[in-house]
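Here are some notes to go with the model, written for reading beside the viewer. Please have it open as you go through the points.

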Amino acid sequence: MLYLASQSPRRRELLGQIGVRFGTVQLDLPEVRVPGEPPEDYVSRVAREKAGAGLLKLSGVRDAIVLGGDTEVVLDDEVFGKPSDGDHAAAMLRRLSGRTHEVVSVVWLVGAGREEHAISRTAVTFAALDEATIAAYVAGGEPMGRAGAYAIQGRAAAFVRRIEGSYSGVMGLPLFETAMLLRRFGIVAGSAGEE
């Protein structure tokens, strides 16, 4: 049985989109980058820790396989994470304005005696954003709780001039890579939904 180690409604929606049945396991793990840790290593470590903690929490469940994922916005080797408040969100958006950043999304599948992962890297180019646009976007609340202070599937879609890579990866779960991992574990698309 597959379990998603995430509280993200976007990840649940995306995983359901590919027709996989799954349960969820709720975790509250700190996500702190170690000084000097390369961005991709950090994203992978957090995703792996989520999957591993989920499997530990499900230790009494036979044949449990846990999917852990993490997605971060990276610019100039800095991991943006989620904004702490509106001012922080506006500062992030100013830095992303008119530039190309990378979205790194890593998925881990962990089961008893087996684990594998896949990485998705997507280049996202933002148009130049003026202060009024940034202020209006932040005031709408969408940046909060979002890596890089934006949701590509929301109003921020109007900021994106170009994307090279995985749209679903930018949303939080790269579906091509996820489906590939699931097939390797013998989990195939069937009737969608949560158990």
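1. Some ground rules. This is a predicted model, in which local features need pLDDT of at least 70 and side-chain atom pairs count only at pLDDT 80 or more, while totals for chains, interfaces and linings use all residues. Residues are numbered from 1 along each chain as its sequence is written, and side-chain values use heavy atoms, with hydrogens and water left out.

2. How much space lies in the largest pocket? About 580 Å³. Of the 29 residues lining this pocket, S8, R11, E31, K50 and K82 are the closest to its centre. (On a 1 Å grid over the protein atoms alone, a pocket is an open set of points where a 1.4 Å probe fits, with protein on both sides within 12 Å along at least five of seven lines; lining residues have an atom within 4 Å of a point. Points are joined across faces, edges and corners, and the volume is the space filled by probe spheres set on them.)

3. Which elements supply the lining? Helix 1 (9-17), strand 3 (65-75) and helix 5 (167-171) each give at least two residues, and strand 3 has the largest share, with 4 residues. (Helices are DSSP runs of H or I with at least four residues, strands are runs of E with at least two, and both are numbered from the N terminus.)

4. Do look at D70 in strand 3. With a relative accessible area of 3%, D70 is buried (buried means under 20%, exposed over 50% and partly exposed in between, with a 1.4 Å probe and protein chains only). Beyond residues up to four places away in sequence, D70 touches R11, E31, V43, V46, A47, K50, V104, S105 and V106; contact means heavy atoms within 4.5 Å.

5. M171, in helix 5, is also buried, at 14% relative accessibility. Leaving aside neighbours within four places in sequence, M171 is in contact with R10, L14, I152 and Q153.

6. The largest nonpolar core has 41 residues, and L2, L15, L67, L93, L109, F126 and Y150 have the most contacts inside it. Helix 3 (residues 86-96) provides the largest share of this core, 5 residues. A second, separate core of 19 residues includes Y3, L55, A64 and V74. (A nonpolar core is a set of buried Ala, Val, Leu, Ile, Met, Phe, Trp, Tyr and Cys residues joined through side-chain atoms within 4.5 Å.)

7. In helix 3, the buried residues are A89, A90, M92, L93 and L96. Seen down the axis of helix 3, they fall within an arc of 160 degrees, so they line one face of the helix; the arc is that of the directions from the helix axis to the C-beta atoms. These buried residues pack against strand 3, strand 5 (100-111), strand 6 (114-126) and helix 4 (131-139).

8. Which residues of helix 4 are buried? I134, Y137 and V138. Their arc, seen down the axis of helix 4, is within 95 degrees, so they line one face of the helix, and they pack against helix 3. A132 and A139, on the other side of helix 4, are exposed. Just after helix 4, G141 takes a positive phi of about 85 degrees.
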